[in-house]
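Q: I'd like to learn how to read a strand, a sheet and a core in a structure like this one. Could you walk me through it?

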Amino acid sequence: MYIRLRKNKTGTTTVYLLESVRLKGKLHSTSKVIKCFGSSSDDAFIEQWKKDAQNLKLSFGEQKISSRDIVKIQKSEDIKSCLVKDIGIKLLYQHLWGYAFGGMKLKNIDMQCLLDLVIMRIAQPVSKLRTSYLSSKYGIDDMTPNKIYRLMDNLDDVAIESIKKHIWHNTKKLLGTEKIKIMFYDLTTIYFEANSKSDLKEFGYSKDGKSQHVQISLALIVSEHGMPIGYEVFKGNSFEGATLIPTLNKLKAQYKIEDVTIVADSAMLSDANIKALIAGGFKFIVSARVKNMDTKLTNQMLSEDDYITSSDDFKYKNIKLENRNIVFCRSEDRKRKDEYERCKSLDKILKLVGKTAKSGLRGSLKKSFVTINKQDSVIEIDEAKLEAQKKFDGYFGFISNTELDPTEIISQYRGLWQVEQSFRITKHNLKIRPVYHYVDRRIKAHFAICYLTLALIRTVEYKLKIANLYIPIEQLNTMLDQMKKVEMTIGDQKCEILTEIPTELKLIFYGLNITIPKKYKVIL
């Protein structure tokens, strides 16, 4: 491993830390970039980067092993036990837990057990019973099912609200601000592998396509960069639009939130919600339902007058109403997408034309231009309605009461993907669903643990981003899985051996200021 200074034609110097590697089948070694520290013509910057590169090089240095620390194996019978543990995930996430939630104390809660549960949710998102069986593989001892269930029973409403508060303060600390200026809101449904109802569990419209199961509704609010701000659990048959105002009012009362802009999709759009947002002093950006507007607004949108071409290759116009604006947009890319999706649906519907309604017309195929003949219940296509739908191809819009420029409104709304990504992490990475708990208090505890896990993952992602390390969480966890510790008992002595870890992982530990354990350690 060595430092290289490369002179550029522009007069600047680039500082690299390189490593010599020999590729399979190649006679000579080649150089692999460990890290590029930057390019500059300023000597002060170059000297600082050289020091940073030297520090990084030293952190990767081979650890010297003293001869007195070596345990010699004379014969195979000397090895009394040998155990391999995955330590990477615990090492990294436990360190960041200390940064984010090290000061969190909850009444009647075993904080070490809570941390272990969060780590296991990242490592192996399985049932609580199976978690207790797998935990020793990750260097977590004494995690019994009774210990887990006792912790969940102690996670009452007071403890859960305290967890939410600590996550709120961690988000502000990470973002370096006392005031959150923009919040993204969305709601999803979580289904259960059971059909028994409760105060929370109820049948309703399922976004997972699991309407045969009872479910709950989960509202999530995140900031820029996807950092969690809060969540609320609602009954499974709750109307989506009716969840927004109660959630925001609770947040405002708890955290004294002021001068914040709420971004949400069209499911939250209703006259009652807009009036409540304005009355509550909230600014908002909400996706408009451009196909369900009154005739006057529809004509204004479809008229080519006053449209402005943006730098992102779409057109927009701003319509001012009494206490809000509507930004209409038209995009050729969106038009092609709308046409493609309609044609794809038509191909499926045409196969059903002439058949009875029971033949499979459901879900996404229930289009406004599809009718059912009342006489013989046969599926038909209303050509007039189909043509009327086509005129909306490429159009979309936003409703807002902010003073932002229309292009800024569009840009802010595009950040809604961050809350959608958070839902993907909780559903796929953390496997928040299906839920196997039956009692409401444990259901709430399960969501609190998953929310705390999401906050820890987002903290890691943000800290990596600050260190200019852009690594997807799945890739990070895959690399962490390669970090293993071998615990051996040889005669009457015990030793620990750390397996070789990827250079990229060493760079991550350096960026997060985590000390890598000794490669070889004798336990007396």
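Q: Which way do the side chains of S5 point, and are they buried or exposed?

A: In a regular strand the side chains alternate between the two faces of the sheet. In S5, Ile182, Phe184, Asp186, Thr188 and Ile190 point one way, while Met183, Tyr185, Leu187, Thr189 and Tyr191 point the other way, and all are buried. Buried means under 20% relative accessible area, exposed means over 50%, and partly exposed lies in between (1.4 Å probe, protein chains only). With 10 of its 10 residues buried, S5 is largely enclosed by the rest of the structure. Bear in mind that this is a predicted model: local features need pLDDT of at least 70, side-chain atom pairs count only at pLDDT 80 or more, and totals for chains, interfaces and linings use all residues. Residues are numbered from 1 along each chain as its sequence is written, and side-chain values use heavy atoms, with hydrogens and water left out.

Q: What counts as a strand or a helix, and how many of each does the chain have?

A: Both are DSSP runs numbered from the N terminus: helices are H or I with at least four residues, strands are E with at least two. The chain has 16 helices and 18 strands.

Q: How do I read the pairing of S5 with S6 and with S8?

A: Strands of a sheet pair through backbone hydrogen bonds, either parallel or antiparallel. Here two strands pair if DSSP finds at least two bridges between them. S5 and S6 are antiparallel, over eight bridges, and Asp186 stands opposite Leu220 in S6. S5 (residues 182-191) and S8 (residues 261-264) run parallel, joined by three bridges, with Met183 opposite Ile262 in S8.

Q: What is the strand order of the whole sheet, and what packs on it?

A: The open sheet has nine strands in the order S7-S6-S5-S8-S9-S15-S12-S11-S10, with mixed pairing. Its edge strands, S7 (228-235) and S10 (308-309), each pair on one side only. Helix H13 (residues 417-429) packs on the sheet, touching S5 and S6 (215-222), and its direction makes about 35° with that of S5. Contact means heavy atoms within 4.5 Å; axes are lines fitted to C-alpha atoms, for helices over the stretch in contact, and angles run from 0 to 180 degrees between N-to-C directions.

Q: Which residues have the most contacts inside the largest nonpolar core?

A: A nonpolar core is a set of buried Ala, Val, Leu, Ile, Met, Phe, Trp, Tyr and Cys residues joined through side-chain atoms within 4.5 Å. The largest has 100 residues, and those with the most contacts inside it are Leu92, Tyr93, Trp97, Leu114, Leu476 and Ile508. Helix H14 (residues 440-466) gives the largest share of this core, 14 residues. Apart from it lies another core of 37 residues, among them Leu187, Leu251, Phe282 and Met301.

Q: How many disulfides are there, and where does that leave Cys495?

A: A disulfide is a covalent bond between the sulfur atoms of two cysteines. The rule used here asks for a pair of cysteine sulfur atoms within 2.5 Å, and the count comes to zero. For Cys495, the nearest cysteine sulfur is that of Cys82, 8.7 Å away. Cys495 is buried at 2% relative accessibility, whereas Cys343 is partly exposed with a relative accessible area of 42%.
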